[in-house]
Amino acid sequence: MIADDLIRRILKEYKLPRDGIHGVAHWARVLETGLRLAETTGANPEVVRLFAVFHDGKRMNEGWDPDHGRRGGDFAASLRGTGFDLAPKDFDLLYDACAYHTDGLIDGKVTIQTCWDADRLDLGRVGIAPELKYLGTEAARELQNITWADERSQSHWVPEWVWDLWR
Ligand SMILES: [Fe+2]
């Protein structure tokens, strides 16, 4: 799980409404979808969890904000060692996953791709259907996983634990 102190520090810096389209419910669904995918992709689950809470954490608006991924990665770098720990090679994965998550790329590194797939499977919340050509892991392209994530996204589903810890 994400440590309470870490989420507090991330939320303190978050400039947008927590219940907005890039807010905590989105982070939580990305986290849970990412962990579900990681069971079969073999992605590093800690990187997936941290991506979920950092990738949109430095957005300055809900629309066009092309540098927010890099700011999210830099923010993660600033909290590394006090808010969380990752080995250098795993931190590099987290940084790149955050920095390039909106560039429409497909990445061969399974942990990075699992993060991006989890984010892209949560597009239903804004009325966009996930497209297979933007999903890079086989797990994300499985119909049952797409359906599971997309239904949660479209219904703006919020995991119960979010209300206790992230609000
Ligand atoms: Fe996102």
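Me: Is Asp119 buried or exposed?

Reply: Start with the general idea. Buried means under 20% relative accessible area, exposed means over 50%, and partly exposed lies in between (1.4 Å probe, protein chains only). Asp119 has a relative accessible area of 12%, so Asp119 is buried. Keep in mind that this is a predicted model, where local features need pLDDT of at least 70, side-chain atom pairs count only at pLDDT 80 or more, and totals for chains, interfaces and linings use all residues. Residues are numbered from 1 along each chain as its sequence is written, and side-chain values use heavy atoms, with hydrogens and water left out.

Me: Which protein donors does the iron ion have?

Reply: First, the term. Donors are N, O and S atoms within 2.8 Å of the metal (3.2 Å for Na, K and Ca); water is not among the atoms, so sites may look incomplete. Here the donors are His26 (NE2), His55 (NE2), Asp56 (OD) and Asp119 (OD). They lie 2.1 to 2.4 Å from the iron ion. Along the chain, their spacing reads H-x28-H-D-x62-D.

Me: Where in the fold do His55 and Asp119 lie?

Reply: Helices are DSSP runs of H or I with at least four residues, strands are runs of E with at least two, and both are numbered from the N terminus. His55 is in the loop between helix 3 (45-54) and helix 4 (68-79). Asp119 is in helix 6 (residues 110-120). The pair therefore ties together parts that are 64 residues apart in sequence. His55 counts as buried, at 0% relative accessibility.

Me: Why is the arrangement around the iron ion irregular?

Reply: Look at the angles. Four donors count as tetrahedral if all angles lie between 85 and 135 degrees. Four count as square planar, and six as octahedral, if opposite donors are over 155 degrees apart and all others between 65 and 115; anything else is irregular. Around this iron ion, the four donor atoms subtend angles of 87 to 175°, which makes the arrangement irregular.

Me: How many disulfides does the structure hold?

Reply: A disulfide is a pair of cysteine sulfur atoms within 2.5 Å. The structure holds zero. Take Cys98: the closest cysteine sulfur, in Cys115, is 7.5 Å from the sulfur of Cys98, too far for a bond. Cys115 is likewise in no disulfide. Cys98 is buried, with a relative accessible area of 0%. Cys115 counts as buried at 0% relative accessibility.

Me: What describes two packed helices?

Reply: Two numbers do: the angle between their axes and the distance between the axes. Axes are lines fitted to C-alpha atoms, for helices over the stretch in contact, and angles run from 0 to 180 degrees between N-to-C directions. Now the case here. Helix 2 (residues 24-41) and helix 6 have axes that come within 8 Å and cross at roughly 135°. That makes helix 2 oblique to helix 6. As for the words, angles under 35 degrees count as roughly parallel, over 145 as roughly antiparallel, 65 to 115 as roughly perpendicular and the rest as oblique.

Me: At what angle do helix 2 and helix 3 pack?

Reply: The angle is about 160°, and the axes are 8 Å apart. That makes helix 2 roughly antiparallel to helix 3.

Me: Is the crossing of helix 2 and helix 3 left-handed or right-handed?

Reply: A crossing is left-handed if the near helix is turned anticlockwise from the far one by less than a right angle, and right-handed if clockwise. The crossing of helix 2 and helix 3 is right-handed. Helix 2 also passes helix 6 in a right-handed crossing.

Me: How far apart in space are Glu39 and Ala139?

Reply: Glu39 and Ala139 are 100 residues apart in sequence and 9.0 Å apart in space, C-alpha to C-alpha. Glu39 is found in helix 2. Its relative accessible area is 69%, so Glu39 is exposed. Ile112 lies in helix 6 and counts as buried at 1% relative accessibility.

Me: What is the phi of His156?

Reply: Phi is near 55°, a positive value in a residue other than glycine. His156 lies in the loop between helix 8 (143-154) and helix 9 (160-165). With a relative accessible area of 45%, His156 is partly exposed.
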